[in-house]
Amino acid sequence: MKKTIIANWKLNPVSLKAAQKLAASVPFKAKNKVVLCPPAIYLSSIDYPNVGAQDCFWQNQGPFTGQTSPLMLKDMKIKYCIVGHSEKRAVGDTDEMINAKVKACLAQKITPVLCVGFGTTVEQDDLEAVDLLKSQLSLALAGVEAKKVIVAYEPVWAIGTGRNASPEHAEQIAIFIQNKYGAGKVLYGGSVTAFNAKSYLQQPNIGGLLVGGASLKAGEFNQIINM
Ligand code: PGA
C-alpha cells in the first residue's frame with residue numbers, strides 16, 4: 001500500500017507566487033501519495049491533486065471572525081485537514097476543541113490528520129509520553145470512527161529541532177495507536193529529512209510522514225516523496 005506524505009508548509013512561503021512555484025515543483029505522481037497543506041489564504045490558488053488545510057473551525061458558518069469553515073473547505077475540494085498540531089495546541093487548542101474539529105471535518109468527508117505527541121524534552125521517559133498520548137487520543141477521538149482518521153505522531157521535542165525520534169520508537173507508537181485506537185493510518189512527523197525519511201517509511205506500521213521544514217525545499221521534498 002502507498003504511504004502518505006503530507007507537506008505542512010506552516011506559515012510559508014510569504015507570497016502567493018512563491019507558494020505556486022513550490023507547488024509546481026511537486027510532481028502530481030510520485031511513489032507515495034502526496035498531500036500539500038499550504039497556508040489557508042493560498043488554498044484555492046494551489047493546483048495539486050491532494051490539498052489539505054492546516055486547521056479549521058468546528059462550525060461551518062456564522063459569527064466566527066477569522067475562522068476557517070470545514071463546509072467551505074469541502075466546497076473548495078479540500079480533502080484533508082490537519083488538526084491538533086502542537087503549534088495550535090500551544091496557542092489554546094484543547095483536546096475538546098480538537099475533538100469537535102475532527103468531527104466537523106468528518107461531517108464534510110474531509111480526512112482529519114490528527115496530530116498527537118508529547119514531550120518537550122528528548123529525555124522524557126516513554127511511559128509518561130504514552131500516558132499523555134492516551135489522554136490526547138481518547139479525548140480527540142471520542143465518538144469518532146477512528147479508522148477514518150489519520151493520526152500523526154509528532155513528539156514535540158522533534159518538531160523543527162533537527163532531532164528526530166528513532167524509527168523503532170515511532171514504529172512502536174504506531175503499533176500502539178493502531179491497536180488501541182484503530183486509526184486508519186499513523187504517520188510520523190518531527191524533523192523528517194531526505195536523510196532519515198526512508199528509515200521511517202521502511203517500518204511496516206508507519207503509514208507515512210508529516211513533513212514541515214523539508215517540505216519547503218523542492219529538491220529534498222521530491223526525494224522524500226519518491227522513497
Ligand atoms: P518539521 O515539522 O518537519 O519542521 O519538524 C513537522 C511538523 O510540525 O508537522
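Predicted model: local features only at pLDDT ≥ 70, side-chain atom pairs only at ≥ 80, totals over all residues.
**Reading surfaces, strands and spaces**

Reader: Thanks! Where is Gly143 found?

Author: Look in the loop between helix 5 (126–140) and strand 6. (Helices, H or I of at least four residues, and strands, E of at least two, are DSSP runs numbered from the N terminus.) Gly143 and Phe176 lie 33 residues apart in sequence and 19 Å apart in space, C-alpha to C-alpha.

Reader: How do I read the sheet, and what is the order of its eight strands?

Author: Strands of a sheet pair through backbone hydrogen bonds, either parallel or antiparallel. In this model, the open sheet of eight strands has the order 2-1-8-7-6-5-4-3, with parallel pairing. (Two strands pair if DSSP finds at least two bridges between them.) Strand 2 and strand 3 (52–53) are the edge strands, and each pairs on one side only.

Reader: How many bridges join strand 1 to strand 2?

Author: Five bridges link strand 1 (residues 4–8) to strand 2, and the two run parallel.

Reader: Why is strand 2 largely enclosed by the rest of the structure?

Author: Strand 2 (residues 33–37) is largely enclosed because four of its five residues are buried. Strand 2 also forms a right-handed β-α-β unit together with strand 1 and helix 1 (residues 16–24). (Right-handed means that, with the strands pointing away from the viewer, the path from the first strand over the helix to the second runs clockwise.)

Reader: Is His85 buried or exposed?

Author: His85 counts as buried, at 4% relative accessibility. Its place is in the loop between strand 4 (80–83) and helix 3 (86–89). Leaving aside neighbours within four places in sequence, His85 is in contact (heavy atoms within 4.5 Å) with Asn8, Lys10, Cys115, Glu154 and Ile159.

Reader: And how do I read empty space?

Author: Rolling a probe the size of a water molecule over the atoms shows where empty space is left. (On a 1 Å grid over the protein atoms alone, a cavity is a set of points where a 1.4 Å probe fits but cannot get out; a pocket is an open set with protein on both sides within 12 Å along at least five of seven lines; lining residues have an atom within 4 Å of a point.) Grid points are joined across faces, edges and corners, and a volume is the space filled by probe spheres set on the points. The whole structure has one cavity of 30 Å³ or more. The largest cavity holds about 40 Å³ of space, and His85 is among its lining residues, along with Gly84 and Arg89. Helix 3 and strand 5 (111–116) each supply at least two residues of that lining.

Reader: Which residues lie closest to the centre of the largest pocket?

Author: The largest pocket has a volume of about 440 Å³. Of its 22 lining residues, Leu11, Ala40, Gln54, Asp55 and Lys88 are the closest to its centre. Helix 3 and helix 4 (95–107) each supply at least two residues of the lining of this largest pocket.

Definitions and conventions. Residues numbered from 1 in each chain as written. Heavy atoms only, no water. Buried < 20%, exposed > 50% of the residue type's maximum accessible area, 1.4 Å probe, protein only.
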